[in-house]
Amino acid sequence: MNTTDNIYQLAVAGVQSLIPYKGGKPIEELERELGLSHIVKLASNENPIGIGQKALAAIQKASLDLALYPDGNGYRLKQALAEKYTLEASQITLGNGSNEILELLARAFLTPEHEVIFSQHAFAVYPIVTQAVGAKAVVVPAVNYGHDLNAMLASVTEHTRLIFIANPNNPTGTLLSQADVQRFIAALPDTVICVLDEAYFEFVSGVALADSTAEAINSIDWLKSYPNLIITRTFSKAYGLAGLRVGYGLSSPQMADILNRVRQPFNNNALALAAAEAALGDVEHLQQTLLVNSQGMQQLTDGFKVLGLEWIPSAGNFVSVDLKQLGQPIYDALLRKGVIVRPVGNYEMPNYLRISIGTQVENQTFLNALKDILADV
């Protein structure tokens, strides 16, 4: 056995066979590979209008004190979140993106003796954090690309410790009703922690701009009744702070206390904390984001109709389109035209591409490129 092989053998079993999460291709990488300019990136569900002016001003102010460590407790951001959601600061855990909250949950509550339940076509980080700690993943087949809550409930055993529910789901955009989710949580044993991943919850209210029957998400009210519930959210999407990585968990004080015991000190940098606090109060920027998303979703789906394509109705800031053929070759062809989207074959959706909502110009650039490619296939 050579030295390299020996290093792999030294890793814990779950990590040895782990496939790392692969994010959307960066613009700079495509520029290097193909020598292109004027690239349109619609791959990572980022905010197409960017960071708000209030958050930008807060970053500039905070940059004057970068020689100092940030507030390891995130006091000001926690107070702002507590005020917004009528919670206690002790119920909040801050993370380096909401992904870190998912990892903290795995580290704090899972062992190789435990099982974790999540849906087919759900966020790729769920199996990663599960496998990394050696727990057993129980993947429940989806129904119409969304969560089958009855089947997930039937999969609960004495070994189940965590259940991940993404609402809206990524990469499908499917949305569960509030009544169905509450019934599901109420039926769980108190030994099972429900992780309600609401990374895209802000966009659900934006759906109401196009659909008056859209249902608001009010899951925070459930924290009073279900101490085994934790809600995770992020500033990366609707608030336009993906590059700063700020997420948070809302839970009982006891669960937050456990998570903060394994959370690394200073896991949020000073610029991120300042920007998130400012972004939280920038209602105008959020409203503009939701409007752009609603208009862009309509633009893309109208374009799909013209091309004779179907898609999964989405409550997020992205939409997965059925190409009726393998998506990877279309993805590659789009790259050559300077358009980055997201292939989702790794989510068992080989004929789909996930498209993040961009600006009107970006969306049209994608649609034009897709039309040309499909015409040549």
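Helix H13 (residues 283–306) lies across S9, strand S10 (318–322) and S13, and runs at about 5 degrees to S10. Helix H14 (residues 327–336) lies across S12 and S13, at about 40 degrees to S13. Axes are lines fitted to C-alpha atoms, for helices over the stretch in contact, and angles run from 0 to 180 degrees between N-to-C directions. Contact means heavy atoms within 4.5 Å. Helices (H or I, at least four residues) and strands (E, at least two) are DSSP runs, numbered from the N terminus.

This is a predicted model: local features need pLDDT of at least 70, side-chain atom pairs count only at pLDDT 80 or more, and totals for chains, interfaces and linings use all residues. Residues are numbered from 1 along each chain as its sequence is written, and side-chain values use heavy atoms, without hydrogens and water.

**The sheet**

The four strands form an open sheet in the order S9-S10-S13-S12, with antiparallel pairing. Two strands pair if DSSP finds at least two bridges between them. Strands S9 (310–311) and S12 (342–343) are the edges, each pairing on one side only. Two pairings are set out here.

| Pair | Sense | Bridges | Residue opposite |
|---|---|---|---|
| S12 and S13 | antiparallel | two | Pro343 and Leu353 |
| S10 and S13 | antiparallel | five | Val319 and Ile355 |

Is strand S13 buried or exposed? Five of its five residues are buried, so S13 is largely enclosed by the rest of the structure. Buried means under 20% relative accessible area, exposed over 50%, and partly exposed in between (1.4 Å probe, protein chains only). Tyr352, Arg354 and Ser356 point one way from S13. Leu353 and Ile355 point the other way. In a regular strand the side chains alternate between the two faces of the sheet.

**A helix pair**

Helix H5 (residues 75–85) and helix H12 (residues 270–280) have axes that come within 9 Å and cross at roughly 20 degrees. That makes H5 roughly parallel to H12. Angles under 35 degrees count as roughly parallel, over 145 as roughly antiparallel, 65 to 115 as roughly perpendicular and the rest as oblique. H5 supplies Arg76, Leu77, Ala80, Leu81 and Lys84 to the contact, and H12 supplies Leu273, Ala276, Glu277 and Leu280.
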